[in-house]
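Subject: Structure handover

Hello,

Here is the structure for you to look over. My notes follow below.

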Amino acid sequence: MILPRYHIAASAIHGAGNGLFLDETVAAGRIITAPDGIEQTFRHADIMASPELSAQFHASARWFEDRYTLSPDWPDECYINHSFTPNGLWHLGFVFALAELPAGSEITVDYRHLLPPGQAEDFVDSVTGETITGLSWQESLASSTRALAELLAAAHR
């Protein structure tokens, strides 16, 4: 579920296709997207062992530990693109605004939180040319938790 008003349009990120853009200002620390309608998660090994599920892996996101969702219907949340300097923080399926984001902002997150540990994305970061490689669950959870705590502390000062 996407909470602020938004639209989907051509991304400003080279090679990214479409992106998700805000139609209103969003305050730092506010939730931009929240999980909803998740019927099932799958273990990574189970996805890889199933031809039917592995064919949908391009539409996966890690939610916690070794559990992934598959979204072959491509909901609008899937138009959030990658950046190593994102304006959104992915934390346990929620995306938080990392700063006050004006209307017109394209939402980005660090895809390393969504990928399996050590798995490289099929494309490189368009700004740095660096490979986008999944973080371990522990590294992802620790770094996103720290970032969220800092963000919320700063927003309440």
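Gly19 is part of strand β2. Strands (E, at least two residues) and helices (H or I, at least four) are DSSP runs, numbered from the N terminus. Gly19 counts as buried because its relative accessibility is 0%. Buried means under 20% relative accessible area, exposed means over 50%, and partly exposed is in between, with a 1.4 Å probe and protein chains only. Gly19 and Tyr79 are 60 residues apart in sequence, yet their C-alpha atoms are 4.8 Å apart in space. Tyr79 is also one of the residues that Gly19 touches, once residues up to four places away in sequence are left out. Contact here means heavy atoms within 4.5 Å.

**What you are looking at**

This is a predicted model, in which local features need pLDDT of at least 70 and side-chain atom pairs count only at pLDDT 80 or more, while totals for chains, interfaces and linings use all residues. Residues are numbered from 1 along each chain as its sequence is written, and side-chain values use heavy atoms, with hydrogens and water left out.

**The whole protein**

The protein has three helices and 12 strands. Its C-alpha atoms fill a box of roughly 45 × 35 × 30 Å along the principal axes. The radius of gyration is 15 Å, which agrees with the value near 15 Å for a compact globule of 157 residues. That radius is taken over C-alpha atoms, and the globule rule is 2.2 Å times the number of residues to the power 0.38.

Buried residues make up 40% of the 157. The accessible surface comes to about 8400 Å², and 54% of it belongs to carbon and sulfur atoms. These areas come from the Shrake-Rupley method with a 1.4 Å probe; for residues, only the protein chains shown count as cover. Take the contacts between residues at least 6 apart in sequence: 58% of them join residues at least 24 apart.

Now the charges. There are 8 positive and 20 negative side chains, and the centres of the two sets lie 8 Å apart. Lys and Arg count as positive, Asp and Glu as negative; His and the chain ends are not counted. Each charge is placed at NZ of Lys, CZ of Arg, CG of Asp or CD of Glu.

In soluble globular proteins, nonpolar side chains tend to be buried together. A nonpolar core here is a set of buried Ala, Val, Leu, Ile, Met, Phe, Trp, Tyr and Cys residues joined through side-chain atoms within 4.5 Å. The largest one has 18 residues. Ile32, Trp90, Val95, Ile107 and Val109 touch the most other members. Strands β2 (18–22), β5 (60–64) and β9 (94–97) each supply at least two residues of this core.

What does Val95 contact, beyond its neighbours within four places in sequence? The list is Arg30, Ile31, Ile32, Thr33, Ile80, Gly88, Leu89, Trp90, Ile107 and Val109. A second, separate core has six residues, including Phe42, Ile47, Leu53 and Phe57.

**Loop residues to look at**

- Glu24 sits in the loop between β2 and β3 (31–33). Glu24 is buried, at 18% relative accessible area. Leaving out residues up to four places away, Glu24 touches Pro4, Arg5, Arg30, Leu101, Pro102 and Ala103. His14 is 10 residues from Glu24 along the chain, and their C-alpha atoms are separated by 24 Å.
- Gln56 is in the loop between α2 (51–54) and β5. Beyond its neighbours within four places in sequence, Gln56 contacts Leu70 and Pro72.
- Glu65 lies in the loop between β5 and β6 (67–70). Glu65 has a positive phi of about 40°, although it is not a glycine.
- Trp74 is found in the loop between β6 and β7 (81–82). Trp74 counts as partly exposed, at 36% relative accessibility. Residues up to four places away aside, Trp74 touches His58, Ala59 and Tyr79.
- Leu92 belongs to the loop between β8 (88–91) and β9. Leu92 is not a glycine, but has a positive phi of about 55°. Leu92 is partly exposed, with a relative accessible area of 38%.

Best regards
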